[in-house]
Amino acid sequence: MFEKVLIANRGEIALRVHRACKEMGIATVAVHSTADANAMHVQLADESVCIGPPQATKSYLHIPSIITAAEITGAQAIHPGYGFLSENARFADIVEKHGLVFIGPKADHIRLMGDKIAAKKAAADAGMPIVPGSDGGVETEDDAKKIAKKIGYPVLVKAAAGGGGRGMKVARTADDLSEAFSTARAEARAAFGDDSVYLEKYLERPRHIEIQIIADSHGAVAHLGERDCSLQRRHQKIWEEAPSPALNPDQRAEIGEITAKAIKKLGYLGVGTVEYLYENGKFYFIEMNTRLQVEHPVTEMITGVDLVREQIRIADGARLSFTQKDIKFHGCAIECRINAENPVTFAPSPGRIADYHAPGGLGVRLDSAIYAGYQIPPYYDSLIGKLIVHGRDRMESLMRLRRALDEMVVTGIDTTLPLFRRLAQEGDVANGDYHIHWLEQYLNAER
Ligand code: MV4
């Protein structure tokens, strides 16, 4: 096993990886920008290296500094966390070229899934259900018109380099298509420097349900069930839960098996998430994420599997510590992403945390790297913690969430805690009766 791992990230996820390493007897190296010298991940790591100024492009995204930090500290492997360099295939290649181990999938799979057209084709070939649409990219408006007529309106024009909703335009009728096609192209070119687009049937009110998969280097593959991430605002998930209130055990087993089989066919390595839209009892592949996800704890809570420990073991060539048959789903887990943001306007609220009190008790987990007196820098994303609750069923989990939210105190800055206190009391949320547009409709209704 590795003796020393470098963690190429910050905040709660750097701490999450550090915790897994410590429990495996592995020493940790933190890297940090000058803005993060007092950060929790730096204080807890066995060693730390300052890799540059506050701007992420000059520190957490600066590959030469990170490789150098690994070399001077003698780290054998690099865990990228999520965001930053976690889905950068070139980084994964460079890490390996320096004789270090990238704790993640193969660079080729990162590259494949980064191209949404190629990813969709690979998913379909491997047996995953996809959204009806164009067979590959669409070059001209004329072609788009023909294809849209065949699949039927409404259609969605999507960017091949997309993800996160940029370069995505709905056309409700043939009259809309010309504008949707050209704006999607222009947005894609501006955002990604690549204006390749493709067409899909537009699903009106689906849920976002994603399957957690895991594969070792000996050919073992398993799925760890689904997460329902439908409650989101501007493509930022804010509430995730497992299992999905919309699925029964037979549906779970079916989509899980289809996904695991496809992942095996692709020769994938490590942890990954297959995102589906779910509408009227059917699943439609949209994308695959080749990283550990923010919301991984809800899966950990209902399966008892430590996903980061498994990632590290897999990177070291070990076998999965379980088989599919060992995976049982226990109860229900809900995660709230607590952001340093105004709960009404969602404007970022960096600053000094005055008082901090973490909730506790049975079934409560708080993944956070904040503390009283901590100065939240303005340079990075606004996530300051994830409150995860686990209960024997959804009602117990929801009651526990309300209780934990009432215990939690963060003062000195604005946080989204008040929003979660309201959401946890909403009828549709309590009933699990929501879809990907529910939250934005709810927030618009009160303005
Ligand atoms: C869709 C869709 C409806 N129909 N595809 C948004 C981001 C990108 N990853 C995929 N997205 C969507 N693709 C078809 N054919 C609706 C969305 C979508 C969405 C998906 C998941 C979670 C939140 C969303 C919010 C708006 C739109």
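A polar contact here is a pair of N or O atoms within 3.5 Å; within protein, one must be able to donate a hydrogen and the other to accept it, and residues adjacent in sequence count only if both atoms are side-chain atoms. This is a predicted model, where local features need pLDDT of at least 70, side-chain atom pairs count only at pLDDT 80 or more, and totals for chains, interfaces and linings use all residues. Residues are numbered from 1 along each chain as its sequence is written, and side-chain values use heavy atoms, leaving out hydrogens and water.

View 1. Let's start with K158, which has a side-chain N or O atom 2.9 Å from a nitrogen atom of the ligand. For E200, a polar side-chain atom also sits 2.9 Å from a ligand nitrogen. In E287, the distance from a side-chain N or O atom to a nitrogen of the ligand is 2.6 Å.

**View 2. The shell around the ligand.** In total, 17 residues surround the ligand, and K158, E200, K201, L203 and E287 are the closest (a residue is near if one of its heavy atoms lies within 4 Å). The shell is made of 8 nonpolar, 5 polar and 4 charged residues; Ala, Val, Leu, Ile, Met, Phe, Trp, Tyr, Cys and Pro count as nonpolar, Asp, Glu, Lys and Arg as charged, and the others, Gly among them, as polar.

**View 3. Between two domains.** The ligand lies between domain 2 (132-201) and domain 3 (207-446), because both give residues to its shell. These bounds come from an automatic or database domain assignment, which also lists domain 1 (4-103).
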